[in-house]
Amino acid sequence: MTGQFNFAVMNAAVVFLPLSIFTIIAKTTPFWTAILGFFIMAEAILPIEIGGMIICFGAFLYITLLGGKSTEIVDPTESNYTAAGEVLGIFLIFTSAWLVAGMFVANRLLKGLDSWIIIFYHGFF
């Protein structure tokens, strides 16, 4: 069910956001997976990994917030996106990224089980 819910959330989010912003936020899953792995599974994160994550997340924020801003004057009526819709879309796509990260961590927790149990788990949840 998590997969179907994630698919529905992604489809809802893409309506409210430009595709470039949608894709950038959707690709933050590795950050959330590392953070969840650290807190849930006590996996170590090396200092160089933390530095790389900070640099990449800073670039993510720069591209998301400042990238794509044009100096030319654009008529606001030409945009199909509203501020409230974009906030909802950002929330939805972050929710999707967190769900995928949670599934990755859950897979690591199931590592020692037989494969048929893992397949059942993915089919049922």
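This is a predicted model: local features need pLDDT of at least 70, side-chain atom pairs count only at pLDDT 80 or more; totals for chains, interfaces and linings use all residues.
Buried residues account for 23% of the 125 residues. Here is a friendly tour of the places worth a look.

**Overall make-up**

- Read from the N terminus, the elements run α-α-α-α-α-α.
- The protein chain exposes about 8800 Å², and 74% of that area is supplied by carbon and sulfur atoms.

**Aromatic pairs and the ring cluster**

- The chain holds six aromatic pairs.
- One of them joins tryptophan 32 and phenylalanine 94, whose ring centres are 6.1 Å apart; their planes stand at 75 degrees, so the pair is edge-to-face.
- Tryptophan 32 belongs to helix α3 and phenylalanine 94 to helix α5, so this pair ties together parts that lie 62 residues apart in sequence.
- Both partners are buried: tryptophan 32 has a relative accessibility of 19%, and phenylalanine 94 has a relative accessible area of 15%. The cut-off for buried is under 20%.
- Another edge-to-face pair is made by phenylalanine 38 and phenylalanine 39, with 5.1 Å from centre to centre and 80 degrees between the planes.
- Ring pairs also link Phe31, Trp32, Phe57, Phe94 and Trp98 into a cluster.

**Threonine 28, a buried loop residue**

- If you follow the chain from α2 (19–26) to α3, you will find threonine 28 in the loop between them.
- Threonine 28 counts as buried because its relative accessible area is 1%.
- Its side chain reaches the backbone oxygen of isoleucine 25 at 2.6 Å.
- The side chain of threonine 28 also makes a polar contact, at 3.0 Å, with the side chain of tryptophan 32, a residue that takes part in the ring cluster.
- Beyond its neighbours within four places in sequence, threonine 28 is in contact with Phe60, Phe94 and Ala97. Phe94 is the ring partner of tryptophan 32 described above.

**Phenylalanine 22 in helix α2**

- Helix α2 contains phenylalanine 22, which is buried at 10% relative accessibility.
- Setting aside neighbours within four places in sequence, phenylalanine 22 is in contact with Met10, Ala13, Val14, Leu17 and Ile93.
- Phenylalanine 22 and phenylalanine 94 are 72 residues apart along the chain, while their C-alpha atoms are separated by 9.3 Å.

- Ile35, Phe38, Phe39, Ile40 and Leu109 make a nonpolar surface patch of about 520 Å².
- Helix α3 (residues 29–41) provides the largest share of this patch, with four residues.
- Leucine 109 sits in helix α5 (residues 83–109), and it counts as exposed at 56% relative accessibility.
- Phenylalanine 39 is likewise exposed, at 63% relative accessibility, whereas phenylalanine 38 is partly exposed, with a relative accessible area of 40%.

Note on methods:
Residues are numbered from 1 along each chain as its sequence is written. Side-chain values use heavy atoms; hydrogens and water are left out. Patches are made of residues with over 30% relative accessible area and no salt bridge: like charges are joined within 9 Å, nonpolar side chains (Val, Leu, Ile, Met, Phe, Trp, Tyr) within 5 Å. Accessible areas come from the Shrake-Rupley method with a 1.4 Å probe; for residues, only the protein chains shown count as cover. A salt bridge is a side-chain nitrogen of Lys or Arg within 4 Å of a carboxyl oxygen of Asp or Glu. Helices (H or I, at least four residues) and strands (E, at least two) are DSSP runs, numbered from the N terminus. Buried means under 20% relative accessible area, exposed over 50%, partly exposed in between (1.4 Å probe, protein chains only). Rings of Phe, Tyr and Trp (its six-membered ring) pair if their centres lie within 6.5 Å; planes under 30 degrees apart count as stacked, over 60 as edge-to-face and the rest as tilted. A polar contact is a pair of N or O atoms within 3.5 Å; within protein, one must be able to donate a hydrogen and the other to accept it, and residues adjacent in sequence count only if both atoms are side-chain atoms. Contact means heavy atoms within 4.5 Å.
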